[in-house]
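Trainee: Could we go through this structure together, setting each value against the definition behind it?

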Amino acid sequence: MNLFDRISEDIKKAMLAREKVRLEALRGVKKEFLEAKTAKGANGELSDETAVKIMVKMVKQRKESAKIYEENNRPELAANELEEAAVIEEYLPKQLSGDELEAELKAVIAETGAAGPKDMGKVMGVATKRLAGRAEGKVVSAKVKELLGSM
């Protein structure tokens with residue numbers, strides 16, 4: 001079952017269980033999926049890879065919103081955003097640990113033949129595709145910079 005179908009099924013389950021936050025989060029995800037499916041050039045299809053990218057973006061948005069709400073002394077709104085982010089994260093691939101990330105990046109560096117900090121763009125191009133949804137971009141970038149800086 002692809003992610004779109006899984007989300008649709010889980011919306012029904014959330015409605016029956018009367019889980020308000022889960023239902024709102026999943027409806028938001030489905031809305032984004034439908035927009036992506038009907039976008040120009042999408043052919044009415046939504047690959048799981050594209051779906052994961054959409055969900056990663058949604059989690060990031062919710063976390064940023066929560067941070068803003070916290071700064072503006074609105075903890076109840078921040079809590080809601082974080083709860084929705086947690087629901088969406090359940091559908092994302094397992095995040096890599098620090099050691100796993102480092103091992104993957106060392107393989108990418110070896111594969112691309114990177115010799116130092118000047119090759120960061122080359123490494124990041126491959127790494128972001130390979131690690132999509134499994135590691136946050138900022139974390140990947142910092143680790144690549146660290147690894148290439150020590151060469």
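**Values and definitions**

Mentor: Let us begin with lysine 138, which is found in helix H7, residues 137-149; helices (H or I, at least four residues) and strands (E, at least two) are DSSP runs, numbered from the N terminus. The model is a predicted one, in which local features need pLDDT of at least 70 and side-chain atom pairs count only at pLDDT 80 or more, while totals for chains, interfaces and linings use all residues. Residues are numbered from 1 along each chain as its sequence is written, and side-chain values use heavy atoms, with hydrogens and water left out.

Trainee: Why is lysine 138 called exposed?

Mentor: Buried means under 20% relative accessible area, exposed over 50%, and partly exposed in between, with a 1.4 Å probe and protein chains only. Lysine 138 has a relative accessible area of 64%, and therefore it is exposed.

Trainee: What makes glutamate 84 count as buried?

Mentor: Glutamate 84, which lies in helix H4, has 10% relative accessibility and so counts as buried. Leaving aside its neighbours within four places in sequence, glutamate 84 is in contact (heavy atoms within 4.5 Å) with Val21, Glu24, Ala25 and Arg62.

Trainee: What makes a set of residues a nonpolar core?

Mentor: Such a core is a set of buried Ala, Val, Leu, Ile, Met, Phe, Trp, Tyr and Cys residues joined through side-chain atoms within 4.5 Å. The largest one here has 22 residues, and those with the most contacts inside it are Leu3, Ile7, Val29, Phe33, Met55 and Ile88. The elements that give two or more residues to this core are H1 (3-17), H2 (20-38), H3 (48-71) and H4 (75-89), and H3 gives the most, with six residues.

Trainee: How do you know that the buried residues of H1 are on the same side?

Mentor: The buried residues of H1 are Leu3, Phe4, Ile7, Ser8, Asp10, Ile11 and Ala14. They cover an arc of only 170° around the axis, and therefore they are on the same side of H1; the arc is that of the directions from the helix axis to the C-beta atoms. These buried residues pack against H2 and H3, whereas Lys13 and Leu16, on the other side of H1, are exposed.

Trainee: What span is expected for H1, and what does the helix reach?

Mentor: The expected span is 1.5 Å times one less than the number of residues. H1 has 15 residues and reaches 20 Å from its first C-alpha to its last, close to the 21 Å expected.
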